[in-house]
Amino acid sequence: METMTSLPEDGPQEKFEEFLRTYKNEQGILVYWSRLQQMSIDDETSLAVDFQDLVSFDRVFTILATEDPMQFLNVLSKALVGVLHVEDPEYVNAIDTSLLRIRIINFPNRVALRAVKTKHIGKLITATGVVAEASETNSLLIEAVFRCRICGGDIPQTQEEGRYTEPPLCPVCGKKTAMQLIQELSRFVDFQKGCIEELPTDRPRGEIPFSMEVRLEGDLAGVLRNGNVIELTGILTAERTKDKLATYDMYLCVAGIQITGHTMPQVPTAESMQIESEKQLEAFLVANPSPLGVGLTCVGRQVPTDTGRIDLLLEAPDGAKVVVELKIGEADDDVVAQIQRYLVWAEEEFGPKSKVRGVVVANGFNKRMLASLKGTRYHIQLIHVSDILPEQGINSEGMAKKQSKLN
Ligand SMILES: [Zn+2]
């Protein structure tokens, strides 16, 4: 592997500083330069760079990004700090400079989720998928300062790979003791974890989607939203599994993100649509139950009963149980019979006093369904799929057109 010292006198950091200052797009605009000037005004700590722009400026970046992506990203971020030191010293002095990062988007090493293998570990790759899981934003401890409970000495300790690590013994007094974490002296970053799943168009029909864990730090944390279609560039990282085996899990340490859509992509047939999209709809509602009612919490999905599985079971603030049946396509009267059976089960399960009600989410409700609904003793609400999902939502030619709103 080529080392940094073998590069010409103008190192990559200087080259990148020059890129930030002088790169012009096709319209002759200093795009990065003007965005860099704007960072303090917008209170931003990162600047996204299109890798294609970078390569058109100097091909040396391809070598660096391919051979040593970690070094590549660090050099770029150092250059950003360097330029901002000159251009906006006030801003740089006011913030933690380690937060200043260059984000890379449009890196051409695109790998399909099902093709991600061990050989990609440590490499910069670009992956596309739909966000299937997104955690809340947490704080991740990066640089800890521990205080020895015996001598009171302060011991800095870097937390490697997100693992909580205490120093084995106190370097000041040499004793082995439990340490106290001094939060105000330690450094934390925002952190979000999630999972992206293959787009239906990227996988053979009928196959279970491949997925990949993704982790985001700093100002990227919080960007993941369920249902978003995103393109992520990052370093594939291995982490030892929690068992005693020498096996490793892989995750993508995200260095750049582009949200390409909120729309669930179209799938080829109505048949495959049926299974996949009910699952997608279910995942979406687990993460965002609010369209189904105020203050609802999800207490179960695919809940087994003696007559089938309840898609979603929610609890209202007053303790009432809400049985949700999802249907991609038009709901017929069999859906009423089905949800009634679940409601009977729920009534028995949670005691006669607990209130139960039902919600049917579908793309349409036919006359038979509406007629048999009149005969039920339960309260069953009808919600149209298109009223639940973000704009466009799950949409396909194979599905019934949006009908006029009921009630
Ligand atoms: Zn000590």
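How many bridges join strand S1 to strand S2, and in which sense do the two strands run?

1. **Ground rules.** This is a predicted model, in which local features need pLDDT of at least 70, side-chain atom pairs count only at pLDDT 80 or more, and totals for chains, interfaces and linings use all residues. Residues are numbered from 1 along each chain as its sequence is written, and side-chain values use heavy atoms, with hydrogens and water left out.

2. **Overall picture.** The chain has nine helices and 15 strands; helices (H or I, at least four residues) and strands (E, at least two) are DSSP runs, numbered from the N terminus. Of its 407 residues, 44% are buried. Here buried means under 20% relative accessible area, exposed means over 50%, and partly exposed lies in between, with a 1.4 Å probe and protein chains only. Among contacts between residues at least 6 apart in sequence, 63% join residues at least 24 apart, where contact means heavy atoms within 4.5 Å.

3. **Strands S1 and S2.** Now for the opening question: five bridges join S1 to S2 (residues 101-105), and the two run parallel. Two strands count as paired if DSSP finds at least two bridges between them. Serine 46 stands opposite arginine 101 in S2. S1 (residues 46-50) is largely enclosed by the rest of the structure, because four of its five residues are buried.

4. **Arginine 103.** This residue of strand S2 is worth a look on your screen. Arginine 103 is buried, with a relative accessible area of 9%. Leaving aside residues up to four places away in sequence, the residues that Arginine 103 touches include Ser46, Leu47, Ala48 and Val49, as well as Glu217 and Asp219. Valine 254 is another residue it touches; arginine 103 and valine 254 are 151 residues apart in sequence and 8.9 Å apart in space, C-alpha to C-alpha.

5. **Helix H2.** Within H2 (residues 31-38), the residues Val31, Tyr32, Trp33 and Leu36 are buried. Their cover includes helix H1 (12-22), S1, helix H3 (51-57) and H5.

6. **Helices H4 and H5.** Two packed helices are described by the angle between their axes and the distance between the axes. For H4 (residues 60-67) and H5 (residues 69-87), the angle is about 125° and the axes are 5 Å apart. Axes are lines fitted to C-alpha atoms, for helices over the stretch in contact, and angles run from 0 to 180 degrees between N-to-C directions. H4 and H5 are therefore oblique to each other; angles under 35 degrees count as roughly parallel, over 145 as roughly antiparallel, 65 to 115 as roughly perpendicular and the rest as oblique. H4 contributes Phe61, Leu64, Ala65, Thr66 and Glu67 to the contact, and H5 contributes Pro69, Gln71, Phe72 and Leu76. Leucine 64 is buried, with a relative accessible area of 10%.

7. **Zinc site.** Cys148, Cys151, Cys170 and Cys173 coordinate the zinc ion through their SG atoms, at 2.3 Å. Donors are N, O and S atoms within 2.8 Å of the metal (3.2 Å for Na, K and Ca); water is not among the atoms, so sites may look incomplete. The arrangement is tetrahedral because the four donor atoms subtend angles of 105 to 114°; for four donors, that label requires all angles to lie between 85 and 135 degrees. Along the chain, the donor spacing is C-x2-C-x18-C-x2-C. Cysteine 148 in strand S4 (residues 138-148) and cysteine 170 in the loop between strand S5 (154-158) and strand S6 (179-181) are 22 residues apart, a pair that links distant parts of the chain. Cysteine 148 is buried at 3% relative accessible area, and cysteine 170 is buried at 0%.

8. **The five-stranded sheet.** An open sheet of mixed pairing runs in the order S11-S12-S13-S14-S15. Its edge strands, S11 (297-305) and S15 (380-384), each pair on one side only. From one strand to the next, the twist averages 30°. S11 and S12 form a hairpin with two residues between them, pairing in the antiparallel sense over seven bridges.

Key: Four donors count as tetrahedral if all angles lie between 85 and 135 degrees; four count as square planar and six as octahedral if opposite donors are over 155 degrees apart and all others between 65 and 115; anything else is irregular.
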